Amino acid sequence: MADTEHVDCIIAGGGPAGVVAGLLLARGGVEVVVLEKHADFFRDFRGDTVHPSTLRLLDELGLYHRFARIAHRQVSNISLMDRSGKDFVLGDLSRLKAPHPFMTIAPQWDFLNLLAEAGRNEPGFDLRMGAEMTSLIWEDERVGERGSPPGSPPADRHGSLPNDGPGARVVGVRMQGPDETDGPESVHELRAPLVIAADGRWSIAREEAGLPVRELHSGIDVWWFRIDTEAVLPDSVAPRSERGNVFVAIPRDGHVQMARLIPKGADERLRAEGIEALRDAVAATFPALADDVGAIDFDDVKLLDVRRNEAPRWFVPGLLCIGDAVHAMSPLGGVGVNLAVQDGVATARLLAESLRAGTVSPRQLRRVQRRRLLTTKAVELLQAGIHRMVEPVVHHGGDIHPPAALEWLLKKFPALTVIPARILGMGITPEHAPDFARRPERSQPDLIDQRQ
């Protein structure tokens, strides 16, 4: 029989949403277990952009000076090429009224390790690496495993808002992972008043709870690969096009992380064209890398199936889904990480008191969704506009340009460039760390923290 533990809150997924929610809840006196199925945070696909809203959060948590020691680059605006071939500012982050009016490009695994280290200083924070949630546990021992009819919650769970009385309710998870006593395949049960699913766009918890997602349009996929180089490229997160080839280059220490945008479903066809076609496309778009492209090999080119979707509902009794589990974004604009972080902050702020008391109602879970919905919708709308600019070029060639009317307006009234910067960088309803989670800085900010 499985061992059973009881805690105040279980978080499935150790990405930005899960780790942030776990850290803040622990600082609020909640005993929380975060389950991360991988042994470390290093992944092929990790968003590297940390936006002003997240930098401000690090300030409030007393962690910014530690983050500033991580090798990173600062980006103060989002620009494209105008119709005359000159840089055109689409969103000016430097106009934001924020402690750090810029975004940074920093490895996400370093960011997550920083948050995990801060969590280890909190007695209620338990991050378990290499531990995976395998199924939800429903009250009355109904286990919501995929393909298991006895584990399915009642069919009416998608109807009106559940009341707080008896009924199908998530009461915990079954997990599998390393254990010093039982070996690498031990199975445990964790039970808690709330399970937070931060397990990404392919969320097991969301699927087992029967929460549907609505697919949004995306006509692109992404090739993801690195180029070892000492060349210096502009710090930018904006796509660049040349001869119909569209790339985003993310400079890192000693190499450049490349994202090539390709038509959805075109992976096999483009690989058949041969590696020289990719090397030539990189060199044509980024001449500074021309001497380094010979090392590119298809074995190192990973495919990201770009999906955009949204869940109409984020919760059932005892379960709340956040981050990519309920609003998967495309990589354009680098918005996914910061939306997930803000979801984690709002969750901790709104639910910590109830979790300390040992009970969370569906109405409280709905409050979290309502709080985050406006910002999520605004970012989806802005990202849809970016896709409309980029996808015709990816499919048919040409250059990436904003709509002519928008370009004229933002050039005529540059102050308006703060609007897209605000939506991308801060959100419509930006989240602040609750008072119980705030800590003072322990030392003066490093000299690296110089605003652009």
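Colleague: Why is Trp408 called exposed?

Modeller: In this predicted model, Trp408 has a relative accessible area of 52%. The term exposed applies over 50%, so Trp408 is classed as exposed.

Colleague: Where does Trp408 lie, and what makes up the nonpolar surface patch there?

Modeller: Trp408 lies in helix 10, residues 404-412. Together with Leu409 and Phe413, Trp408 makes a nonpolar surface patch of about 320 Å².

Colleague: How do you know whether Ala197 is buried or exposed?

Modeller: The relative accessibility of Ala197 is 0%. Buried means under 20%, so Ala197 counts as buried. Ala197 has its place in strand 14, residues 195-197.

Colleague: Which residues are in contact with Ala197, leaving aside neighbours within four places in sequence?

Modeller: They are Ala12, Ser203, Ala205, Leu319, Leu320, Cys321, Ile322 and Ala325.

Colleague: Why is helix 4 described as largely enclosed by the rest of the structure?

Modeller: Of its 12 residues, 9 are buried, so helix 4 is largely enclosed. The buried residues are Gln108, Trp109, Phe111, Leu112, Leu114, Leu115, Ala116, Ala118 and Gly119. Their cover includes helix 1 (16-27), helix 2 (52-60), helix 3 (64-67), strand 9 (125-129), strand 18 (245-252) and helix 8 (336-357).

Colleague: How does the length of helix 4 compare with the expected span?

Modeller: Helix 4, residues 108-119, reaches 16 Å from its first C-alpha to its last. This is close to the 16 Å expected at 1.5 Å a residue.

Colleague: Which residues touch the most other members of the largest nonpolar core?

Modeller: Phe67, Leu136 and Leu319 do so, in a core of 83 residues. Helix 8 gives the most to this core, with 9 residues. Another core, of 38 residues, lies apart from it, and Ala259, Val390, Val394 and Leu424 are among its members.

Colleague: What does Phe67 touch, not counting residues up to four places away in sequence?

Modeller: Phe67 touches Val50, Leu55, Leu58, His72, Thr104, Ala106, Phe111 and Leu114. Two of these residues, Phe111 and Leu114, are also among the buried residues of helix 4.

Colleague: Which residues of helix 11 are buried, and what covers them?

Modeller: In helix 11, residues 418-425, the buried residues are Pro420, Ala421, Ile423, Leu424 and Gly425. Their cover includes helix 2, strand 6 (77-81), strand 7 (87-92) and helix 9 (362-396). Helix 11 is followed by Gly427, which has a positive phi near 90 degrees.

Methods:
Residues are numbered from 1 along each chain as its sequence is written. This is a predicted model: local features need pLDDT of at least 70, side-chain atom pairs count only at pLDDT 80 or more; totals for chains, interfaces and linings use all residues. Side-chain values use heavy atoms; hydrogens and water are left out. Helices (H or I, at least four residues) and strands (E, at least two) are DSSP runs, numbered from the N terminus. The expected span of a helix is 1.5 Å times one less than its number of residues. Buried means under 20% relative accessible area, exposed over 50%, partly exposed in between (1.4 Å probe, protein chains only). Contact means heavy atoms within 4.5 Å. A nonpolar core is a set of buried Ala, Val, Leu, Ile, Met, Phe, Trp, Tyr and Cys residues joined through side-chain atoms within 4.5 Å. Patches are made of residues with over 30% relative accessible area and no salt bridge: like charges are joined within 9 Å, nonpolar side chains (Val, Leu, Ile, Met, Phe, Trp, Tyr) within 5 Å. Accessible areas come from the Shrake-Rupley method with a 1.4 Å probe; for residues, only the protein chains shown count as cover. A salt bridge is a side-chain nitrogen of Lys or Arg within 4 Å of a carboxyl oxygen of Asp or Glu.
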